[in-house]
Amino acid sequence: MLAEIGLIAALFAFIAALYAIIAAVYGERFARSEAMIRSARNAVILNFILVTIACVALEIALLTEQYQITYVWQVTSPDMPEFFRITALWGSQSGSILFWSFLMSTFTAASVLFNWKSQRRLMPYAMAYMMATVAFFLALTIFFENPFERWWALPSGDVVASAFIPAGATVPSAAMLAQSANGLSPLLRHFGMAIHPPALYLGFVGFIIPFAYGMSALASGDLSTNWIKVSRRWALIAWLFLSLGLVLGGRWAYDVLGWGGYWGWDPVENAAFLPWLIGTAYLHSVMIQEKRGMLKTWNMFLVIGTFSAVIFATFATRSGLVDSVHSFAQSPIGFPMLVFWASLTLIGTALIIWRRMRGELKDENPFRSVFSREALFVLNNFVFVALFAVIFWGSFGAPIIAENFMGTNITLGADYFNSVTPPLFLLMYLLMGVAPISAWGVSAVSRMGRALLIPVALTILSLGLFVVGGATSPGALLGYGLVLLAGWVALYETYRGVLARRQAHAARENVLQSVVALVTRNPRRYGGYMIHLGITVIGLGVIGSMLFQQETQQTLAVGETAQIDSYTVRYDGLLRDQLAEDGRVMDIAELTLFRDGNEIAHLRPRRDFFPEATDMNSTTIAGSYSTLENDFYVLLVNWEPISAGSATFKIYINPLVNLVWWGSIILIFGTLLAGYPRETLPARVREKLQIAAPQGAVS
């Protein structure tokens, strides 16, 4: 029954999406009928309800062990904990596509309901674009990757999967199906995978909202900043979730993949990073159009580019285009996704060219200074686009061209990316340090120099701490210096704002009240500073963990020790064949960690074996001791098979790696602050907060 409910709900959701597209376009373009457009809106809401029913039906099937449904059989097993049954909804191809459709439908319905009155002119075409995306992914669910197929036993004795009952077929034995169930891939049995895929999906679907409103502006002719205003917070929400998804993916790799790092320039990692780069460029660039009426054409290309990168990332992950531990198996959805991606990208590009040729996307102001804020933001955009280009080329361009036109396989690994991306990232940090103290229109170099004096002095003082800590190479100090400059500028500009507020309201406010009032008055500005501060902290962690990582591999007998830097680790023994509740068989090494002769921790690196798994049947889980200074990270590599009298360990010291995670938290809070809806404050509060902004602050 659950399979029938889910399949029928998905089918009618697909029909509702098609109807919404037709009603919205016909009602706006031809009939000029408000009733038809309202009907399209109602179809959007109905689509959301129906997709939700389909998702709930599949989730209930997972939780109640309905193994006659092939998807449940593929991703769960009788001994699987309930938590992983819930997350199995997105644990394989067909379920994740249905979940993707649900999130897209949710975003679409929320966007339509929240913006219906304020953006009536943009709404019809925006609904059409958003529903076209939902309809496409529902079509993939229904016709290509159906999670509601069931197992059927044919009279011949064969067992087949089908969404409909084959002639003469019966339902196989439930006990037999349960015994042969695959279970979730061991790599996905990690808490991070409960939130990493949903966060990425939310980032992906969220960026389609700005695309839809941008394309609606092109189709309707409303080329003012309305489409930017209505889509800005949706873009920030998408950027937030995509950032969170990337960080959680890095944490998952650090904990589960067992190679001592969090980012390996894997093609699928890069595919998710590409829309983040273009989306970041877009969020910076639209500020120029709002403030100065410039870059109208460029912003349209960026919003299309972000959407295109999102769909390409989804295509690359699910089509079998690349091999990766992150990717899904090769399936027939590759070609339809390629056609969909190319079609909407070309349609959007054609609309931009058409409006440009009609003179409707001309900028209102010229560039007046290479040191103006708008010029520096454009340079910032070029950096992000250049990063996109070199990462895309290394991940997809060169391998695809080599395979299809040269008959050979080329893989550009971490060495390529680690050589071409650092200069661009350092330029990005330099611009993060300089742009906030520049002015719109024209900036005087002398004024910018004076504004940089204190941040530069603080940067030099901070570098002294890194020198004392052992960072003496010129390259490392240059990297640390540029990253620190960006952070100090963000902090100093915030301090200047608080100081100005205190001077104006010292008699009525304490320092904390001034900070709260300042941030509440302009959350976009100070949220941006917090984001810059978070990216600064991440940058320090990346430089430290990449340039100064130490590693060793040693085989130890019980009681022996290994020395690395100031740490000593002693092997105390091995617990063999420990059985976990979910059926895992664990081999756990017991270690004692010392630093400078003092015992500081007991570590238990282990290897988990999953006897029922059909693909990868083991994972390596590190033991780690974490401080702000570094991580001591140890892996159980091997052991003597007879006596377990010795074991081989791979040991890493990862300096400052925890700054990557702490910086990510700061970035998340900054994004939430930047998207804070100030207009929801009571009018009396907004009036109280109105004072002149300090000179030089970023708007």
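Q: How many salt bridges does the count come to here?
A: Side chains of opposite charge can pair when their charged atoms come close. In this predicted model, the count comes to 19 salt bridges.

Q: Which parts does the salt bridge of Glu-364 and Lys-296 tie together?
A: Start with the contact. The side chains of Glu-364 and Lys-296 meet at 3.1 Å, N to O. Then place each partner. Glu-364 lies in the loop between α12 (334-357) and α13 (373-405). Lys-296 lies in helix α11 (residues 296-318), so the pair links parts 68 residues apart in sequence.

Q: Is Glu-364 buried or exposed, and what about Lys-296?
A: Read the relative accessibility against the cut-offs: buried is under 20%, exposed is over 50%. Glu-364 has 54%, so this residue counts as exposed. Lys-296 has 12%, so this one counts as buried.

Q: Where do Arg-496 and Glu-493 lie?
A: Check the element and the spacing. Both residues lie in helix α16 (residues 474-505). They are 3 residues apart, about one turn of the helix.

Q: Why does Arg-496 count as partly exposed, and why does Glu-493 count as buried?
A: Partly exposed is the class between the buried and exposed cut-offs. Arg-496 falls there because its relative accessibility is 24%. Glu-493 counts as buried because its value is 1%.

Q: Is Arg-32 buried or exposed, and Glu-28?
A: Arg-32 is exposed, at 62% relative accessibility. Glu-28 is buried, at 13%.

Q: Which residues form the nonpolar patch on the surface?
A: Now leave charge aside. The patch is formed by Met-1, Ile-5, Leu-46, Ile-49 and Ile-53. Together they have about 470 Å² of accessible area.

Q: Which helix gives the most to the nonpolar patch?
A: Sort the patch by element. Helix α2 (residues 34-63) gives the most, with 3 residues.

Q: Where is the place of Met-1, and is Met-1 buried or exposed?
A: Met-1 sits in the segment before α1 (2-29). Its relative accessible area is 71%, so Met-1 is exposed. A patch residue needs over 30%.

Definitions and conventions
Residues numbered from 1 in each chain as written. Predicted model: local features only at pLDDT ≥ 70, side-chain atom pairs only at ≥ 80, totals over all residues. Heavy atoms only, no water. Patch = residues over 30% accessible without salt bridge, like charges linked within 9 Å, V, L, I, M, F, W, Y side chains within 5 Å. Areas by Shrake-Rupley, 256 points an atom, 1.4 Å probe, with all protein chains shown as cover. Salt bridge = Lys/Arg side-chain N within 4 Å of Asp/Glu carboxyl O. Helix = DSSP H or I, 4+ residues; strand = E, 2+ residues; numbered from the N terminus. Buried < 20%, exposed > 50% of the residue type's maximum accessible area, 1.4 Å probe, protein only.
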